Each structure stands twice: as C-alpha cells, then as structure tokens.
Amino acid sequence: CKSQTFEHPGVSSHRLFSTTKICWNIMPAWVIDKYGANDVLRFTKNAAFPIINYPNEVIVKVCAAGLNPLDVSMRGGYGAATLSMKRDPLTIKQAGMEFPLILGRDVSGVIMECGLDVKYFKARDEVCAAIPPWKQGSFAEFVVLSGNEISLKPKSLSHVEAASLPYVANTAWSALVNTGGLNKDNCAKKRILILGGSGGVGTFAIQMVKAWGGHVTVTCSQNAERFVRGLGADHVVDYTAGPVDESLRALEKFDLILDNIGGDTERWALDLLKPWTGAKYVTLVTPFLQNTDLLGIADGMLQSAATMGRKALKHLAKGVHYRWGFFAPSGPALDDIREMVDAGQIRPVVEEIFNFSEVPKAFEKMEKGHARGKTVVQISNPGDEF
C-alpha cells in the first residue's frame with residue numbers, strides 16, 4: 001500500500017508518482033476537527049491525500065516535522081478568521097471548512113512528485129520548508145508545498161535536525177533582514193539585543209548575527225546562560241536576578257532589538273536603542289491576528305494599522321524605529337541559510353524528539369514553555385518511500 005513507482009529517467013523527463021487507489025486517496029495524519037485544548041488532536045489513517053493544484057507545487061513525503069508555539073496557538077483557534085480569509089478569499093465555502101485541519105509548520109522530507117512548472121527540484125530530492133499557516137501542515141505522511149517555499153535540505157543535517165530550522169529560520173530572517181535591515185555586509189560591530197534568546201527563534205537569531213560578525217546580548221534565565229553562550233552570545237542578562245530593564249540600561253545602547261517576549265517589554269526596551277542612528281526595535285509579538293479574530297478582518301486590520309502607526313510615530317519622534325516582524329515563508333532565504341549551516345556557522349538546536357504516535361505529548365511539552373531549542377516529531381525514516 002505504501003509502494004511508489006517512478007518512470008525510468010530515460011523514458012520520460014517527467015517522473016510520475018503512482019500508487020494504489022487507497023493510498024492515493026488517504027494517508028495517516030494527526031488532525032483537529034475543532035479548535036480547543038490538547039484533547040482535540042485526533043489520529044486518523046483516513047486523512048485526505050494532498051494533490052497538486054498548481055503547476056509550481058510539489059508533493060513531499062514527510063520524514064520529520066518541527067513543532068512551534070504557533071501550532072499550539074492555532075490548535076486553540078488563534079488567527080482563525082484571517083487564515084480562513086486566506087484559504088477562501090471569496091467566502092465561497094461554509095464556516096469550518098478548514099477541518100479536518102493538519103497542524104505543523106516545519107517539514108523535512110523527500111519530493112515524491114513535481115508539478116510541470118517546477119524547474120529547480122526533482123523527485124527524490126531531500127528538501128525542507130516552512131509551511132504557511134493557511135495550508136495543511138506536516139503532521140502527516142505527505143504534504144503539498146509551493147516550489148517557492150522549499151529548499152534543499154542541508155547535506156550536513158539529518159531530517160530530524162533539518163526539521164528544526166525552517167520556521168524559526170524564516171521568522172528570524174524576516175525580522176532581522178527584511179524588517180531590521182541587517183545582512184552579512186552591514187552587521188559587523190553592530191550591537192544586537194535579543195529578548196528571549198533560549199527559544200527556537202532566539203537560538204537561531206543568535207547564531208545568524210554572530211555568523212555575520214555582530215555583537216549579541218541575550219536575556220534568558222540563569223539556567224540557560226551556559227546554553228546561549230555556547231551558541232555565541234557575547235553577553236547574557238538573567239531576567240530572574242532582578243529588574244531586567246535596569247541591568248540592560250547599564251550597558252551600551254543597541255543598534256537593533258529583537259523582541260520575542262512582548263508584553264511589558266515595549267514600555268522600556270526602545271529606550272535602549274541608539275537614538276538618531278537608524279536603530280530599530282522589531283517585535284514578533286503583535287496584536288494583528290488577535291485583532292482580526294476579535295473585530296473581524298476589516299476592523300481588525302484598521303485597528304492594527306492605527307496601533308502600528310501610533311507607536312511608530314511616537315518612537316520616531318525619539319529618533320528610533322518601531323516595527324512589527326512577521327513569519328514569511330521563503331525558499332530563497334532557506335537557500336542562504338543552508339549554506340551557512342553546511343559551512344558550520346549555524347547548527348540546529350533540537351531539545352526533544354517524539355515519535356509520530358506521540359504528537360499529543362509533543363504539544364504538551366510545548367505548552368509548558370521555557371524551551372531550549374526545538375521540539376521535533378519523526379514521521380518516517382528516509383528511504384521508506386522507495
């Protein structure tokens with residue numbers, strides 16, 4: 001039932017994917033049929049098999065899937081209004097048509113079939129990707145992705161290690177490069193502060209900035225200090241030792257702040273930036289999806305725009321830039337990151353590995369917080385698909 005065959009390369013330039021009818025229609029997956037707590041997770045062997053709808057898409061056999069805090073939030077319904085609009089912009093389908101919904105934003109696996117317009121990948125390529133939140137996720141045997149979202153897996157990593165990188169890599173890249181304006185040519189000697197440095201995005205951002213020659217200060221708990229220093233952090237501030245803002249004010253001011261914490265940090269963090277030098281504060285904790293969930297798409301977007309504009313103008317008057325950072329799936333960004341990984345500049349930080357049957361346990365672990373890297377679920381072994 002799991003056998004797949006390919007045309008011989010000498011017979012046709014387009015490799016075909018084939019299997020039995022039952023395997024073509026269904027596959028094993030963890031799904032949710034409604035939003036809620038961990039008990040809404042349900043294992044099924046009858047999930048709909050993904051199909052290629054556009055010529056730039058590929059079907060990937062999932063070897064490993066990474067778990068992120070976003071998956072826990074989405075399980076509870078976070079962003080449901082906005083994501084439903086993205087899935088069905090004309091509102092043709094009935095409410096709840098996203099179910100059964102497969103979670104999982106990270107994937108590493110093997111391409112099984114390519115659409116006709118896919119030029120840079122072929123069947124049997126080992127790839128990894130961050131899956132946009134409006135698409136079906138990676139806690140399944142197969143997933144369909146756009147060719148623009150995938151990248152070849154780093155040769156130096158296993159699938160489990162590779163599955164820990166795409167989401168946090170794309171998020172950090174979007175925040176630091178697209179929003180923060182950093183790159184390998186201008187980062188040297190700049191002072192970067194990462195608030196919340198021991199989680200998935202933080203551990204990746206530390207390594208990326210250090211690879212580009214920047215100076216990194218990190219906030220974390222005392223028991224994570226040795227861990228983040230091992231990733232390259234130059235200075236560590238223990239937020240459990242007292243008011244963290246007071247400790248940071250005693251340091252030289254920063255060129256960029258990446259905030260993974262949110263909440264009260266906005267009240268004092270922007271005072272730590274160098275004024276009138278183009279310094280930026282980039283927060284990944286924004287009210288955008290919360291606003292659209294509560295107020296609806298139109299009113300929520302207007303509320304978010306008003307909030308963002310008000311804060312940006314307020315801080316611009318003080319000579320610093322206030323920005324929101326967002327996850328943005330990007331295969332080309334992962335291409336650059338792959339080169340850094342294979343060059344030994346960035347290493348994956350996997351905290352715990354779960355089997356496919358243990359997905360609910362992985363969610364429970366993620367909900368406890370205080371992560372030291374990524375949680376990964378191993379779905380299948382490389383080579384099983386052939």
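Reader: Which residues account for 70% of the contacts in the protein chain with a separation of 6 or more?
Author: Residues 24 or more positions apart account for that 70%. Contact here means heavy atoms within 4.5 Å.

Reader: What kind of model is this?
Author: This is a predicted model, where local features need pLDDT of at least 70 and side-chain atom pairs count only at pLDDT 80 or more, while totals for chains, interfaces and linings use all residues. Residues are numbered from 1 along each chain as its sequence is written, and side-chain values use heavy atoms, with hydrogens and water left out.

Reader: How many helices and strands are there?
Author: The protein chain has 13 helices and 15 strands. Both are DSSP runs numbered from the N terminus: helices are H or I with at least four residues, strands are E with at least two.

Reader: And how compact is the protein chain?
Author: As compact as a globular protein of its length, because its radius of gyration is 21 Å and the globule rule gives 21 Å for 386 residues. The radius is taken over C-alpha atoms, and the rule is 2.2 Å times the number of residues to the power 0.38. Along the principal axes, the C-alpha trace spans about 65 × 45 × 35 Å.

Reader: What share of the residues count as buried?
Author: 53% of the 386 residues. Buried means under 20% relative accessible area, exposed means over 50%, and partly exposed is in between, with a 1.4 Å probe and protein chains only.

Reader: What does the accessible surface come to?
Author: About 17500 Å², with 54% of it belonging to carbon and sulfur atoms. Those areas come from the Shrake-Rupley method with a 1.4 Å probe; for residues, only the protein chains shown count as cover.

Reader: How many positive and negative side chains are there?
Author: 42 positive and 40 negative, and the centres of the two sets lie 2 Å apart. Lys and Arg count as positive and Asp and Glu as negative, without His or the chain ends. Each charge is placed at NZ of Lys, CZ of Arg, CG of Asp or CD of Glu.

Reader: Single residues now. Is Lys61 buried or exposed?
Author: Lys61 is buried, at a relative accessible area of 4%. Lys61 sits in strand E3, residues 57-67.

Reader: Which side chain is joined to Lys61 by a polar contact?
Author: That of Glu141, at 2.8 Å. A polar contact is a pair of N or O atoms within 3.5 Å; within protein, one must be able to donate a hydrogen and the other to accept it, and residues adjacent in sequence count only if both atoms are side-chain atoms.

Reader: What about Ser198, where is its place?
Author: In the loop between strand E8 (191-195) and H6. The Ser198 side chain makes a polar contact of 3.4 Å with the side chain of Arg372. Ser198 counts as buried, at 11% relative accessibility.

Reader: Which residue has its place in helix H6?
Author: Ile206 is in H6, which covers residues 200-211. At 0% relative accessibility, Ile206 counts as buried. Beyond four places away in sequence, the residues that Ile206 touches include Ile194, Val216 and Leu231.

Reader: Where is Leu103 found?
Author: In the loop between H3 and E4. Leu103 counts as buried at 2% relative accessibility. Residues touched by Leu103, setting aside those up to four places away in sequence, include Trp30, Met74, Phe139 and Phe363. The C-alpha atoms of Leu103 and Ala123 are separated by 25 Å, with the two residues 20 apart along the chain.

Reader: Which peptide bond is cis?
Author: The bond from Phe99 to Pro100 is cis, with omega near -5°. Pro100 lies in the loop between helix H3 (80-87) and strand E4 (106-114). Most peptide bonds are trans, and most residues other than glycine have a negative phi.

Reader: What is phi of Arg124 near?
Author: Phi of Arg124 is near 85°, a positive value. Arg124 is in the loop between E4 and strand E5 (126-130), and is partly exposed at 47% relative accessible area.

Reader: And phi of Trp276, what is it near?
Author: Phi of Trp276 is near 60°, also positive in a residue other than glycine. Trp276 has its place in the loop between helix H9 (265-269) and E12. At 63% relative accessibility, Trp276 counts as exposed.
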